[in-house]
Amino acid sequence: MARHRDMARDADDDLFETGVPEGSEAAVPAERRRGRGALSNASGRFEAYRQTVFDDGWGGDEEATPPLRTTVMEDTTRRIITRNTSPDIPFDRSINPYRGCEHGCIYCFARPSHAMLGFSPGLDFETKLLAKPDAARLLAEELRRPGYEVAPIAIGTNTDPYQPIEKERRIMRGVLEVLAEHEHPVTIVTKGGLVARDADILGEMGRKGLARVALSITTLDSSLARRMEPRAATPTVRLRAITALTKAGCPTGVMMAPVIPGLNDHEIETVLAAAAGAGATSAGWVALRMPLEVHELFAEWLRENYPNRAAKVLRMVRELHGGRDYDPAWGKRMTGEGVHAKLIARRMDTARRRLGLSNNRWSLRADLFRLPPRPGDQMSFTDLL
């Protein structure tokens with residue numbers, strides 16, 4: 001962790017002022033954050049010092065405040081499969097090829113995890129990324145461990161595996177190649193149109209009952225999408241990815257995540273209809289949740305972009321979570337409770353039935369799993385048959 005913290009400070013020292021008192025403003029000028037989701041870059045909750053942005057009286061020197069650039073560091077993790085025992089999610093293991101996400105979705109529940117690396121859940125989350133270049137090798141090793149029990153691996157559960165840097169890094173592609181070689185089941189959720197690049201692998205796995213993909217589409221409004229998830233693929237591109245994967249043979253669905261009362265909930269039926277028209281066979285949803293720093297980041301963004309609606313949206317979101325900004329209780333955190341939650345669920349169910357969509361609770365095959373031979377391995381008797 002200390003190594004990551006030092007690397008982050010070296011990458012952009014002008015963002016890390018020291019000795020700043022608690023509660024200082026961390027707003028970043030608009031010209032620096034153009035094309036980003038968050039408006040500020042407050043220090044992580046574990047840091048001893050706070051950062052601030054202030055006018056030093058020397059006037060506007062544009063070269064002193066260049067636009068924020070994306071920097072990518074290497075994550076030297078020794079394990080790639082993460083386990084969980086949460087009773088309200090349908091998987092017990094996942095893979096995240098990247099930490100942080102350049103998509104910049106302002107509502108992303110994963111933002112607080114960046115504070116554990118010594119970074120800010122704000123703009124750092126979108127601009128200081130960590131890649132796991134050894135993911136494919138580590139995965140192949142873990143799948144060979146004695147006693148490994150096969151169950152679907154979920155990808156895209158924290159940060160997006162098809163964010164822009166995947167085009168160059170191809171880490172997700174390597175992970176899929178290993179899974180295909182082992183005939184191991186996988187589920188993927190993404191906002192990245194780049195997933196269509198891997199239709200060759202996912203199509204073959206899908207036809208075998210080994211892969212399912214869900215494209216996350218929050219809105220068909222290009223203006224809202226551009227503000228709310230600035231570097232994610234456009235809604236049109238995501239719909240095209242559904243079509244490409246479906247044609248390749250991989251069952252594909254849509255996730256409307258998150259549903260935000262007063263902001264995008266009026267689009268439930270139109271989003272599902274567009275996805276069904278593109279070839280989706282299933283649909284799911286998740287209510288907006290605002291753990292830890294996400295609440296302030298989202299509220300700040302709302303006041304900037306939709307000042308006339310901000311108070312109403314925040315009030316309705318709190319009503320979803322029992323009057324709180326976020327209720328982490330299992331069984332409630334994903335869907336919320338109360339009048340708004342019931343109405344959203346009813347509308348989703350009605351639209352699904354009308355469009356012939358199932359829910360996103362997929363079952364995948366685990367009986368095809370195999371360990372492919374490696375150079376130097378002795379052939380077994382069954383290999384000779």
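Start by selecting helices α3 and α5, where α3 passes α5 in a right-handed crossing, a crossing being right-handed if the near helix is turned clockwise from the far one by less than a right angle, and left-handed if anticlockwise. This is a predicted model, in which local features need pLDDT of at least 70 and side-chain atom pairs count only at pLDDT 80 or more, while totals for chains, interfaces and linings use all residues. Residues are numbered from 1 along each chain as its sequence is written, and side-chain values use heavy atoms, with hydrogens and water left out.

To find the pair, select residues 135-143 for α3 and residues 171-182 for α5, whose axes lie 8 Å apart at an angle of about 25°. Helices here are DSSP runs (H or I, at least four residues), numbered from the N terminus, and axes are lines fitted to C-alpha atoms over the stretch in contact, with angles running from 0 to 180 degrees between N-to-C directions. The two helices are therefore roughly parallel, a term for angles under 35 degrees.

Next, show the side chains of A135, A136, L139, A140 and L143 in α3, which meet I171, G174, V175, V178, L179 and H182 in α5, contact meaning heavy atoms within 4.5 Å. These residues divide into 9 nonpolar, 2 polar and no charged.

Viewed as a crossing, α5 passes α6 in a left-handed manner.

Methods:
Angles under 35 degrees count as roughly parallel, over 145 as roughly antiparallel, 65 to 115 as roughly perpendicular and the rest as oblique. Ala, Val, Leu, Ile, Met, Phe, Trp, Tyr, Cys and Pro count as nonpolar, Asp, Glu, Lys and Arg as charged, and the others, Gly among them, as polar.
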